[in-house]
Amino acid sequence: MSSLPLLPATDPQAPFALYRGAVVSRECFQSQVMALAAALPASERVLNLCSDRYWFAVSLFAAIARGIMTVLPNSAAPEHLAAVAAEQPGLLLLGDQDAAPADHLPYFRVDTAASNSAISADLPLIPFDRLVACVYTSGSTGTPKPHYKAFGRLRLGILAGAERIWEAAGGPCSVVGTVPIRHMYGLESSVLLPIFGGGRMSTHIPFFPLDIAASLAEMAAPRLLVITPFHLRKLLEADIALPPVAAVLSATAPLSAELAQDTEVRLGCPVIEIYGSTETGQLATRQPCRETVWHNLGDITLAVRDGETWAQGTVYQTPQMLNDTVELLSPSSFRLVDRKANMVNVAGKRSSLSFLNATLAALPGVEDGVFCIPERHGAQDVERLAAFVVAPTLNRETLLAGLRAHIDPVFLPRPIVFVDSLPRDGNGKILARTLDTLIQQHILDRNTP
Amino acid sequence: MSLQSTAQTAPDLALEREMAGLIVTALNLDIAAEAIEPTEPLYGDKLGIDSIDILEIALVMSKQYGVQMKADSEDNARIFGSLRALASYIGEHRAK
């Protein structure tokens, strides 16, 4: 298939980012990409651990310009990095930190003091199908797995998303994201969206509410806030003044209708929810205050084959299977029914952990909660669910009474373990192995005589 | 060295104790407030505090002392490096 220029043709003087208070033009971004591309040592793959979003982007596109695959681990935990390094031979570590952010790999420090004067270098053409990035699944359904992304297909997905998001926001925005840049959502929505879709990139990855406010304030309006439901809730709870926001983008965990409405009332802007996965990238969007139906992006269509739902379209080299059960309304619109991996069967009755979790989380007094299936030893006639619940004002009886009103009694948790908080990761997910540890500590160990 | 600068750098033990109590309550930690060693890391395995807890602590600090935490990642690591560092930051910035 055809080749595409590394970066889109735009007004070279158009502002692209704000780095330490200075405006970085599109032309300057392009020069820094090409300067780094020329400076990179020959290597097969790079592990991009830059902490600043701007230098992460410069490094990513410099590697693409050189035909080098970028590997994006889903955490910086030493054990995960070691597993990635074992699976990806010939890795060169790229970072913007003085000290190497990981051990046991050759380190190339990106020169963040590099001249920002425009150097004229022709933009290389990148083959549509060239694999440029390896993203790891987050592990909420098991162990992290690599997934490879092709340049042209990534770009097409971003353009389709940009069309939808800019329409809701009233035009291309300054993009401020609180989400991890090495996960698919943060990569697509906070890095690639401003690059391919037009708009401006915030270099910060703000954490505290006031940081989020400051990151928004320093960027020119209109502004898009890219965030997760958990972080969004804490931002609203902090009750601080925020600059005008043109739209809020949420993904990684279901956004409750209540939180979506609170956000629209408080910020006075539309909330857009993205449906996607590491495997599919962003696949569909909806505005939860207005619709329950998801609308596919671009030419993506869904079809059911052999009991599975498959996504196909130009953005996919081969059809990609969905991790969820959906109700197709047309090839390009659907309702989310369930996360397939979470289907449970208790005493012949079927339900899903996502439905049970949503029910639990919606009970008055419940701040957080998760159902699980402890693998107990010994013969059991019936597999029982358990739940970890954060609900300081409730006791077992009131919680069970609340649940009983909504779910079949076979799904009531035995036991209910009250905990102070649930260890969610940067994307608001509880990893499978984290849940396993909780089960071991609170349920299995406790039951051991 | 002036008296004033000595006063600024000496740890405020009363504030540290008060904040330890607030943290233990806010996070429902299964330990006594005195068990938080002022100079030991807040993050990590010993107390089991993670980044989600840090957001919770920040909310409590803003309500109790009128201090909105604001930090880039490096400062964040320093301020939450220990109870003493956090108390020193709050002591300097408190509005209540």
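Author: Axes here are lines fitted to C-alpha atoms, for helices over the stretch in contact, and angles run from 0 to 180 degrees between N-to-C directions. The model to which this is applied is a predicted one.

Reader: With that understood, at what angle do helix α2 and helix α5 of chain A pack?

Author: Helix α2 (residues 53–65) of chain A and helix α5 (residues 184–196) of chain A have axes that lie 10 Å apart, and their crossing is right-handed. From α2(A) the contact takes Arg53(A), Phe56(A) and Ala57(A), and from α5(A) it takes Ser190(A), Val191(A) and Ile195(A), which by class are four nonpolar, one polar and one charged residues. The packing angle of the two helices is about 65°.

Reader: Which strands of the sheet does α2(A) touch?

Author: The sheet concerned is open and built from six strands of chain A with mixed pairing, in the order β7-β6-β4-β5-β9-β10, and its neighbouring strands are turned by 30° against each other on average, direction ignored. The direction of α2(A) makes about 170° with that of β4(A). The strands touched by α2(A) are β4 (45–48), β5, β6 (91–95) and β9 of chain A.

Reader: Why is one side of β7 and of β10 of chain A left without a neighbour in that sheet?

Author: Strands of a sheet pair through backbone hydrogen bonds, either parallel or antiparallel. In this case β7 (107–109) and β10 (146–150) of chain A stand at the edges, so one side of each has no neighbour in the sheet, the reason being that each has a single partner strand.

Reader: Turning to the open sheet of three strands in chain A, which residue of β20(A) is the bridge partner of Ala311(A)?

Author: The order of this sheet is β18-β19-β20, with antiparallel pairing, and β18 (301–305) and β20 (320–321) of chain A are its edge strands, each pairing on one side only. Strand β19 (residues 308–312) of chain A meets β20(A) over two bridges in the antiparallel sense. The partner of Ala311(A) in β20(A) is Gln320(A).

Reader: How many residues does each domain of chain A give to the contact between them?

Author: The domain assignment of chain A gives domain 1 (150–340) and domain 2 (347–447), and the centres of these domains, taken over C-alpha atoms, are separated by 28 Å. On the side of domain 1 of chain A, α7 and β22 (333–339) each supply at least two residues, and that side as a whole has six nonpolar, three polar and two charged residues. The contact takes 11 residues from domain 1 of chain A and nine residues from domain 2 of chain A.

Reader: Which element of chain A supplies the largest share of the side that touches chain B?

Author: In the contact between the chains, 15 residues of chain A meet 15 residues of chain B. By class, the side of chain A has eight nonpolar, two polar and five charged residues, and α6 (209–218) and α7 (229–238) of chain A each supply at least two residues to that side. The largest share is four residues, and it comes from α6(A).

Reader: In which loop of chain A is the proline of the cis peptide bond found?

Author: The cis bond joins Ala221(A) and Pro222(A), with omega about -5°. Pro222(A) is in the loop between α6 and β13 (223–227) of chain A.

Terms used:
Residues are numbered from 1 along each chain as its sequence is written. Chains are lettered from A and ligands numbered from 1 in the order in which they are written. This is a predicted model: local features need pLDDT of at least 70, side-chain atom pairs count only at pLDDT 80 or more; totals for chains, interfaces and linings use all residues. Two residues are in contact if their C-beta atoms, placed from the backbone, lie within 7 Å. Ala, Val, Leu, Ile, Met, Phe, Trp, Tyr, Cys and Pro count as nonpolar, Asp, Glu, Lys and Arg as charged, and the others, Gly among them, as polar. Two strands pair if DSSP finds at least two bridges between them. Domain bounds come from an automatic or database domain assignment. A crossing is left-handed if the near helix is turned anticlockwise from the far one by less than a right angle, and right-handed if clockwise.
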